[in-house]
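Please open your viewer and keep the selection tool at hand, and we will go from stop to stop together.

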Amino acid sequence: MSTAKKDYKRITVKSLVEMKQNHEKISMLTAYDYTMAKIVDGAGVDVILVGDSASNVMAGHETTLPITLDQMIYHASSVVRATERALVVVDLPFGSYQSDPKEALRSAIRIMKESGGHAVKMEGGKEVKESIKRILNAGIPVMGHLGLTPQSIYKFGTYTVRAKEEEEAQRLKDDALMLEKAGCFALVLEKIPAKLAEEVAKSVSIPVIGIGAGNGVDGQVLVLHDMIGMTYEFQPRFLRRYMNLYDDMTTAISQYVDDVKTVDFPSDSEQY
Ligand code: KIV
């Protein structure tokens, strides 16, 4: 398999399809604010996802359900201001697209107009087909999301691996083909068996980005705060932590507290 890497000045939805065709894996990470997005973009990540995981990571909610469209727009506009190269994809939050296609289109238009994001992501298969078509008809690129779809957590009841049984696996394969046919430019597959994810990636021409879906797909996505080890409670098997920032920050902040208490900080050279 080729590891050729083309130098893209700005990633577009077309570049991602080209990467799949050239067997170049796609890197995607979440970001929710300006400072983090600037680091992620500068480090060469291809796609920044302003995920509704901001509901957990930034706001401390137990699920992704409470985050609002206004809050997603706030996060996304901060990320867009920081980004020079990456494609910025913004999650349509729970409640902003499920009721009918017109509402879905209104929500997607608000995201594009008010945040400057480049595309939207929506969870679900045939149940959101009409909404996806309407958004695409307005010229807004859509990324699909199948497998574990956290906005439906109360329907599933758990965050365990999805589509292990044949019936659900078949439904997922059908949905992936439907999303490709409808015109989605890419697809996220979350927490499904690696073999199934690979099969799906081979069956569609659009890029398939996995999270907990093995290495037979066209790219990977992780939640930034998990991969840099700022969070520590969440320990799924698929998560690789590249740093242990929680511990490093705790050490640094405790040192600061000590330095203030002992009047070590500020020193003579740190004052006017
Ligand atoms: O919201 C999010 O962070 C996501 C990723 C887990 C794919 O949807």
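Before the first stop, one term: contact here means heavy atoms within 4.5 Å. Please also keep in mind that this is a predicted model.

**Stop 1: two helices**

Select residues 69-82, which form helix 4, and then residues 101-115, which form helix 5. Their axes are 9 Å apart, and the two helices pack at an angle of about 35°.

Now show the side chains where the two meet. On the helix 4 side, pick Leu 69, Asp 70, Ile 73, Ala 76, Ser 77 and Val 80. On the helix 5 side, their partners are Ser 107, Arg 110, Ile 111, Glu 114 and Ser 115. Coloured by class, this contact shows five nonpolar, three polar and three charged residues.

**Stop 2: aromatic rings**

How many aromatic pairs does a search of the whole structure find? There are three. For one of them, select Phe 234 and Phe 238: the ring centres are 6.4 Å apart and the planes stand at 75°, so this pair is edge-to-face. The cut-off behind that name is an angle over 60 degrees.

Phe 234 has 41% relative accessibility, so it counts as partly exposed. Phe 238, at 25%, also counts as partly exposed.

**Stop 3: a charge over a ring**

Next, select Arg 162 and Phe 156. The charged end of Arg 162 sits over the ring of Phe 156, 3.7 Å from the ring centre.

**Stop 4**

Most residues other than glycine have a negative phi, and most peptide bonds are trans. The last selections depart from that pattern.

Go to Lys 191, in the loop between strand 6 (186-190) and helix 9 (194-203). Lys 191 is not a glycine, yet its phi is positive, about 50°. Is Lys 191 buried or exposed? Its relative accessibility is 19%, so Lys 191 counts as buried; the limit for that word is under 20%.

Then move to the segment after helix 11, where you will find Val 263. Val 263 has a positive phi too, about 55°, without being a glycine. With 63% relative accessibility, Val 263 counts as exposed.

Finish in the segment after helix 11 (245-261) with Pro 266. A cis peptide bond joins Phe 265 to Pro 266, with omega about -5°.

How values were computed:
Residues numbered from 1 in each chain as written. Predicted model: local features only at pLDDT ≥ 70, side-chain atom pairs only at ≥ 80, totals over all residues. Heavy atoms only, no water. Phe/Tyr/Trp six-rings, centres within 6.5 Å; stacked < 30°, edge-to-face > 60°. Buried < 20%, exposed > 50% of the residue type's maximum accessible area, 1.4 Å probe, protein only. Lys NZ or Arg CZ within 6 Å of the ring centre and 35° of its normal. Axes fitted to C-alpha atoms, helices over the stretch in contact; angles between N-to-C directions. Helix = DSSP H or I, 4+ residues; strand = E, 2+ residues; numbered from the N terminus. Nonpolar A, V, L, I, M, F, W, Y, C, P; charged D, E, K, R; others polar.
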